[in-house]
Amino acid sequence: MESEAGFLSTDKIIEVKGLTYCYSDGTKALEDINIDFYKGQFIAFIGQNGCGKTTFSKCLNGIFKPTEGKILVNGLDTALPRINKQLVENIGYVFQNPDHQLFNNSVYDEIAYAPRNLKLNEEQVRERVLVASKISGVSEGLFEEHPFFLVKGLRQRIAIASILSLKPRVIIVDEPTTGQDYKQSIEVMEFLKMLNEELGHTIIIVTHEMDIVAQYAKRVVVMNDGKVLTDGTVKEVFANPELLEQANVKPPQITRLAQALKSYGFKNNVISFDEMCEQWESRV
Amino acid sequence: MAVERKMQKTIIGFVPYQSPIYALHPLVRLVIFLVTGFIPLFVEIPEVNILFLIAIIGLFIYSKVDLKKLKMYMPMVFTVGLFIFVTYLFFPIAKGEKILLYQLGAVKLYYNSIMWATCIYFRIIALLFASIFYFSTNRERDMLIAFRSLKMPFVATYFLGLSLRATGIFMEDYQIIREAEQARGLDVSDLSFVGKIKHFSMYMIPLFTLSIRRCEEISVGLYSKGTVISNKIDGRKRPDYLMSKNPVTQKDIFYSAAIVLFFLAFCSLQVFGGVFSLDNSPINIAILKLLKGG
């Protein structure tokens, strides 16, 4: 495992032991998941719809309590009663649709909502709002605006800012690029990359976009049928198309092109255009 | 994922996957609902309504409804009780003989008022459980079949279907918003009662905004599919898939008629004979006897 992915770090931030989760209608959404996540990683959860990615994310955040097994976030057991306040300071969850997460009358109140839940005084709250909004690129001029009437990209930034104001060590973002054009997608992903690389947040994204995974993630968890099918670095995971097929996932096109040219000596774990060019040039 | 599921998610809640009550046509189930929904209105005796309640719970068990799901209604059961008893405490009724039980300043606790509150409470709870039973054993599709079997106009059932769908989406959004609040450190148990009420109003902003956006999407979707709100297409009756799959048989009509006749007979006992009046309540009679020292 490569060290840049944080795999060799012993600094565990999330420990999942024998996690099983059943919905109230009896549907077993997750079954016996055992996995650890380390500080500073950029992780992507991939898999087809209904495989349990979002449910797993909500379990990590403590929104869903494990039916069996245990999840420790920075040593805190998510199943404990009244653990929510401590938990949210360690792990934040940005929902797929920002409209589900915005319920205040102004952008300022929206970002201040979570710190106020932590019973901070108004001065501390303001400080957090200013920092979170600055990092997220939400200008102070928007503070009095109603969040619902802003464009989607901005609403998403406000949703992320509203989580950043909690200063969580881990941020889970559910489908950050869904419904956004290329420019907006890149902006959101660059922003998450900055949070990861410059501010040291552990980032977990849930996504279906393999190009985004190849470009930004360092570690990939492939889920299928409520279980972890495989887990490794991006190169390791995408180098195994047969395994990915079980989860109805295909590697990015550039990887598939390299795999198709394997008989010509191309590596099967190419994940970027630049890498492909390098390999091409070395052969021409 | 292959699992053994006992309950099936519907737009409104959960229904059992398999249940003996599904042997009855949706029309018969609707008639049962209407009858069980009206019976408590004709009953004043709390004991009878408690027996009725037990019968409804028996129906839950017979129909294989997961009784754990009823836990979510418990706060409502207590809140309704609290409101009714407090109302009758501060605004006592004039009906019946006034027997003062206790006085604290200007607040007087009259027996007849408390007894009447008990009667109203069990009546409402019986009604509530009868409604929960219907929605716990009928999917939206069953409701539409039942209403169309009653020859309700197509337009009305169409709007009913859309309304049920909207209700389900509204509740799903509500659930997600609650999760989003939890993800931002809100612990509702920390809030006072007034705080909880104020807090509830906060949900309205995203819920209504989402609803308006969804309404527009659904309207555009219906328009783009050339939807005509009529049960006739080019002058001919629109084919009805639901009814073709679930025709009403003579057996269903017989069952429905029998239930309605039972209901009419039951109501007659109260309307013409006052059989279920509070004056005939054995508990009421016994307590009155005790209070009057006889």
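**Exercise 1. A helix in chain A**

Why is helix H3 (residues 107-117) of chain A largely enclosed by the rest of the structure? Work it out on this predicted model.

*Solution.* 
- Step 1: Count the buried residues. Eight of the 11 residues of H3(A) are buried, so the helix is largely enclosed by the rest of the structure.
- Step 2: Name them. They are A:Val107, A:Tyr108, A:Glu110, A:Ile111, A:Ala112, A:Tyr113, A:Ala114 and A:Pro115. The cut-off for buried is 20 or more other C-beta atoms within 10 Å of the residue's own.
- Step 3: Find the packing partners. The buried residues of H3(A) pack against helix H2 (84-88), helix H4 (122-136) and H5 of chain A.
- Step 4: Look past the end of the helix. A:Lys119 follows H3(A), and its phi is positive, near 65°.

**Exercise 2. The nonpolar cores**

Find which residues of the largest nonpolar core touch the most other members. Then trace the contacts of A:Ile172.

*Solution.* 
- Step 1: Take the core as a whole. It holds 84 residues, and A:Val94, A:Ile172, A:Val213 and A:Val220 touch the most other members.
- Step 2: Ask which element contributes the largest share. That is helix H5 (residues 152-164) of chain A, with seven residues.
- Step 3: Look for a further core. A second, separate one has 23 residues, including B:Cys119, B:Tyr121, B:Phe129 and B:Leu278.
- Step 4: Return to A:Ile172. Leave out residues up to four places away in sequence; A:Ile172 then touches A:Ser57, A:Leu60, A:Asn61, A:Ile91, A:Gly92, A:Tyr93, A:Val94 and A:Ile204.
- Step 5: In soluble globular proteins, nonpolar side chains tend to be buried together.

**Exercise 3. A sheet in chain A**

Give the strand order of the six-stranded open sheet of chain A.

*Solution.* 
- Step 1: Read off the order. It is E6-E7-E8-E3-E9-E10, and the pairing is mixed.
- Step 2: On average, neighbouring strands are turned by 15° against each other, direction ignored.
- Step 3: Inspect one pair. Strand E9 (residues 219-224) of chain A and E10(A) pair in the antiparallel sense over six bridges. In E10(A), A:Thr233 is the residue opposite A:Arg219.

**Exercise 4. Domains of chain A**

Describe how domain 1 of chain A touches domain 3 of chain A.

*Solution.* 
- Step 1: Chain A is divided into domain 1 (1-90 + 170-237), domain 2 (96-167) and domain 3 (252-284).
- Step 2: Take the separation. The C-alpha centres of domains 1 and 3 of chain A lie 29 Å apart.
- Step 3: Count the contact residues. Domain 1 of chain A gives five and domain 3 of chain A gives four.
- Step 4: Assign the domain 1 side to elements. Helix H7 (210-216) and helix H8 (234-238) of chain A each give two or more residues. H7(A) gives the most, with three.
- Step 5: Sort the domain 1 side by class. There are three nonpolar, no polar and two charged residues.

**Exercise 5. Chain B and its contact with chain A**

Outline chain B, then characterise its side of the contact with chain A.

*Solution.* 
- Step 1: Sketch the chain. Chain B has 10 helices and six strands. Its C-alpha trace spans about 75 × 55 × 40 Å along the principal axes.
- Step 2: Consider burial. Of its 294 residues, 24% count as buried.
- Step 3: The assignment gives domain 1 (1-152 + 246-294) and domain 2 (154-230) of chain B. Their C-alpha centres lie 28 Å apart.
- Step 4: Examine the domain contact. Eight residues of domain 1 of chain B are in contact with eight of domain 2 of chain B. The domain 1 side has six nonpolar, no polar and two charged residues.
- Step 5: Move to the chain contact. It takes 26 residues from chain B and 28 residues from chain A. On the chain B side, strand E1 (7-9), helix H6 (154-183) and helix H7 (193-224) of chain B each give two or more residues. H6(B) gives the most, with seven.
- Step 6: Classify that side. It divides into 14 nonpolar, four polar and eight charged residues.

Methods
Residues numbered from 1 in each chain as written. Chains lettered and ligands numbered in written order. Predicted model: local features only at pLDDT ≥ 70, side-chain atom pairs only at ≥ 80, totals over all residues. Contact = placed C-beta atoms within 7 Å. Helix = DSSP H or I, 4+ residues; strand = E, 2+ residues; numbered from the N terminus. Nonpolar A, V, L, I, M, F, W, Y, C, P; charged D, E, K, R; others polar. Domains from an automatic or database assignment. Core = buried A, V, L, I, M, F, W, Y, C linked by C-beta atoms within 7 Å. Buried ≥ 20, exposed ≤ 12 C-beta atoms within 10 Å, placed from the backbone. Pairing = 2+ DSSP bridges. Axes fitted to C-alpha atoms, helices over the stretch in contact; angles between N-to-C directions.
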